[in-house]
Amino acid sequence: MSHSRRTFLKSAAALAAAGPLAFASPLKKEGICGIQIGPDCFVDEGIDPTLDILQEKGAVDTLYLSTFTYDRGIIGRTPGKDYPGHGIDASDKNYFHGGNYATPHEKFYTKTAIKGDKLKAPDFSSRDLLAEILPKAKSRGLQVICSIQDGFSYPADMPYVEAMHEIDIEGRKSSALCFFHPDVREFWSSVARDLCTSYNIDGVLLFNERNGPLLNAIGVSHAQAIDSARVTCFCPHHERAATAHGIDFQRAKEGYRELDNFVQKALNNQRPSDGYYVEFQRLMIRYPEIMAYNQLFDTGKHQILKDVYTSVKAIRKDLQVGFHIEHTNSFNPLYRATRDYSQLAEIADFLKIVVYNNCGGERYVNFIHNICQTVFKDVPPSELMALNNHLLNYSGEAPIETLAAAGLSPNYVERETQRAKAGAGGKCRILPGIDVNIPTGEKSRKASPDDTAQATLAAFKGGADGVILSRKYSEMRLENLAAAGHAVREAAKIVS
């Protein structure tokens, strides 16, 4: 018996010893094991052969099909990355564009200037991949949830949305669309209504990983550069929203300029006499509009979530609506405070919480190093991580020096699942996103099949209502997919 197999069996045995109270009855329902997958995979490998692999190896019963996206995070084969040994062993750089991989129907976009037909993905000519995949998936008893992603940026060949881009503090346009522009807000509901009306799908999963201006300015994310001079949005629509919420728009703008000045000095090692944190806190006290304006961003973001939920439920109440809760939530206490599971659960049938443990070590380290360049520049990174672990209730994780190579533990997956379950209070399902071969740096941890199995088991031990294998099938190794599927089947046996 292999070492990996012995370790897996020990994990399963430990899970069984936890008893049936470690799980909830929803394991017996549909939607226990989903997978994020792009339509490009079905083009590369064939629809039936791909579905065979997903069901036989991965125990998959739900496809989270990337239907609208311009970002390679949930679709495609990223240039310069390893390929998993199935599908085309090459990048998609010569043809990837993104957009809508289904067929947009004009009647759903009459109330927005962003016309759906202009966003049809050209990657595979005029093929409607949702229409091709859906009947074959349904004939096998699979659920199909369409993933819709609002990206950080949109292609340069989209001049018809130029007037809807965010505006930074100096009046320059960014590549993202403004939440408070009425056409943008209406557009996301239009996409959801179109998909849920025109196709026999089971619902939608909405992705939006954009952070507010305060977090972007000081770099409190694992994935973003510190760019305090380009924080957004200060367009007329935001100004009207600020006024409606009692926020002084000009003071907010002035405050973000001062914040930019603070950040630039920190990046150039110009230490304030009272230290970096005190100077930052002084700025926040002097300009409470900074935090208020950051909260305004979240208000706009959550309003779009609510719009999508309301629009879908008006079509058919049994259609599912879910939201992706980004990985920053695992590392950043300030960001975590803005993601109240009990409130999100009021407008969601499920929450996909990101608990990517293998790449999580690398990402957590990146977050700590980012924030140690600005607000906590006086604090050694190892000491800040120790404090942050206390704030997040993390214990037993590797120190910062070895965390990227070690990854976060399965215990992290279990704890975050338990936290989400407690926060949602039974009002919606909690579906942890499981790290299956998400790319990491050269010296960072690479997921073994046993890693994948243990993380999957840990999610169920934490009370998960199901799991979503992530980020995308096109980067998953089949042995890891099989390990996840085996863990799902073992968990179901323990419950039944």
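Ala-59 sits in the loop between α3 and β2. Helices (H or I, at least four residues) and strands (E, at least two) are DSSP runs, numbered from the N terminus. The structure is a predicted model, in which local features need pLDDT of at least 70, side-chain atom pairs count only at pLDDT 80 or more, and totals for chains, interfaces and linings use all residues. Residues are numbered from 1 along each chain as its sequence is written, and side-chain values use heavy atoms, with hydrogens and water left out.

The phi of Ala-59 is positive, about 55°, although Ala-59 is not a glycine. Most residues other than glycine have a negative phi, and most peptide bonds are trans. Ala-59 has a relative accessible area of 16% and is buried. Buried means under 20% relative accessible area, exposed over 50%, and partly exposed in between (1.4 Å probe, protein chains only). Asn-393 also has a positive phi, near 65°, and is a residue other than glycine. Asn-393 lies in the loop between α14 (381-392) and α15 (400-406). With 58% relative accessibility, Asn-393 is exposed.

Two cis peptide bonds are described next. One runs from Thr-232 to Cys-233, with omega near 5°. Cys-233 belongs to the loop between α6 and α7 (236-244). Another joins Ser-470 and Arg-471, with omega about 0°. Arg-471 falls in the loop between β12 (467-470) and α18 (478-495).

Strand β4 covers residues 143-150. Eight of its eight residues are buried, so β4 is largely enclosed by the rest of the structure. Both faces are covered. Gln-143, Ile-145, Ser-147 and Gln-149 are buried on one side, and Val-144, Cys-146, Ile-148 and Asp-150 on the other. Strands count as paired if DSSP finds at least two bridges between them. Strand β2 (residues 62-69) runs parallel to β4, and six bridges join them. Here Leu-65 has Cys-146 of β4 as its bridge partner. Strand β7 (residues 203-208) also pairs with β4 in the parallel sense, over six bridges. In this pairing, Ile-145 is opposite Gly-203 of β7.

Helix α4 spans residues 129-139, and its residues Leu-129, Leu-130, Ile-133, Leu-134 and Ala-137 are buried. Seen down the helix axis, the buried residues of α4 fall within an arc of 115°, so they line one face of the helix. The arc is that of the directions from the helix axis to the C-beta atoms. The cover over these residues includes α2 (39-45), α3 (47-58), β2, β4 and α5 (182-198). At the start of α4, a side-chain oxygen of Asp-128 comes to within 3.3 Å of the backbone nitrogen of Leu-130. After α4 comes Gly-141, with a positive phi near 80°.

Arg-210 lies in the loop between β7 and α6 (213-218). Its relative accessibility is 4%, so Arg-210 counts as buried. Leaving out residues up to four places away in sequence, Arg-210 touches Asp-150, Gly-151, Phe-152, Glu-166, Ala-176, Leu-177, Phe-179, Phe-297, Lys-301 and Glu-326. Contact means heavy atoms within 4.5 Å.

Confidence is given by pLDDT, the predictor's confidence in each residue, from 0 to 100. The protein has a mean pLDDT of 92, and 93% of its residues reach 70 or more. Over residues 15-27, pLDDT stays under 50. The model has 22 contacts beyond four places in sequence for residues 15-27. Where pLDDT is low, the predicted coordinates should not be read in detail.

Methods:
A polar contact is a pair of N or O atoms within 3.5 Å; within protein, one must be able to donate a hydrogen and the other to accept it, and residues adjacent in sequence count only if both atoms are side-chain atoms.
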